[in-house]
Amino acid sequence: MFEDDFLELEDTFRKIMKKFPGAWQEHTKLGFSRNEVLLLYKLNSDGQQRASELADILSITTGGLTGVTDKLVNGNYIVRQRDEKDRRVVYLSITSSGKEILESMYASRKAFIKKLTNNISKEELVQFKTIANKLLANFEDNVTQ
């Protein structure tokens, strides 16, 4: 019985993750992907970051990060800077334009989360967060070893 429940849960997670990016795009109507928004949030909150560290944080390859950052650089939302001592190292920083668009995105994100969690109680969200963190810890401790 437990195995069937877990398989159903796994299927539900897969469906949620498949729907999330499209729902995000449809709701925000700002033309930014979830990864682009997360990158802007991270740079705004933590300041300049190495590109390779941001790729790890976003769980994408450095090549994937290049695709994410190209649009943001071209829109003047972030800047790339190479390390003077090691040209292979690239740093990313948010610009004032990036901070302005982030304010618009924050309001949109808040409304999206409210809509997404509409019929879920605070207690249920706390319980889900606890369980999700336990699952993540199990991956880090047991599953990948």
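Phenylalanine 32 is buried, with 4% relative accessibility. Buried means under 20% relative accessible area, exposed over 50% and partly exposed in between, with a 1.4 Å probe and protein chains only.

This is a predicted model: local features need pLDDT of at least 70, side-chain atom pairs count only at pLDDT 80 or more, and totals for chains, interfaces and linings use all residues. Residues are numbered from 1 along each chain as its sequence is written, and side-chain values use heavy atoms, with hydrogens and water left out.

**Rings.** Rings of Phe, Tyr and Trp (its six-membered ring) pair if their centres lie within 6.5 Å; planes under 30 degrees apart count as stacked, over 60 as edge-to-face and the rest as tilted. The count is 3 aromatic pairs. Two of the pairs are tabulated here.

| Pair | Centre to centre | Angle between planes | Class |
|---|---|---|---|
| Phenylalanine 20 and phenylalanine 112 | 5.4 Å | 90° | edge-to-face |
| Phenylalanine 32 and tyrosine 77 | 5.3 Å | 75° | edge-to-face |

Phenylalanine 20 lies in helix 1 (residues 2-28) and phenylalanine 112 in helix 5 (residues 96-116), so that pair links parts 92 residues apart. Helices (H or I, at least four residues) and strands (E, at least two) are DSSP runs, numbered from the N terminus. Phenylalanine 112 is buried, at 6% relative accessibility.

Phenylalanine 32 sits in the loop between helix 1 and helix 2 (34-46). Tyrosine 77 sits in the loop between helix 4 (62-74) and strand 2 (78-82). Their pair therefore ties together parts 45 residues apart in sequence.

**Charges over rings.** The cut-offs are NZ of Lys or CZ of Arg within 6 Å of the ring centre and within 35 degrees of the ring normal. The charged end of lysine 71 sits over phenylalanine 32, 4.7 Å from the ring centre. For arginine 109 over tyrosine 41, the distance is 4.9 Å.

An open sheet has 3 strands in the order 1-3-2, with antiparallel pairing. Two strands pair if DSSP finds at least two bridges between them. Strand 1 (49-50) and strand 2 are the edges; each has a single partner strand, so one side of each lacks a neighbour in the sheet. Strand 1 and strand 3 (residues 90-94) are joined by 2 bridges. Arginine 50 stands opposite tyrosine 91 in strand 3.

**Helix 5.** What span should the 21 residues of helix 5 have, at 1.5 Å a residue? The expected value (1.5 Å times one less than the number of residues) is 30 Å, and the end C-alpha atoms are 30 Å apart, which agrees. Its buried residues are Gly98, Ile101, Leu102, Met105, Ser108 and Phe112. They pack against helix 1, helix 2 and strand 3, where contact means heavy atoms within 4.5 Å.
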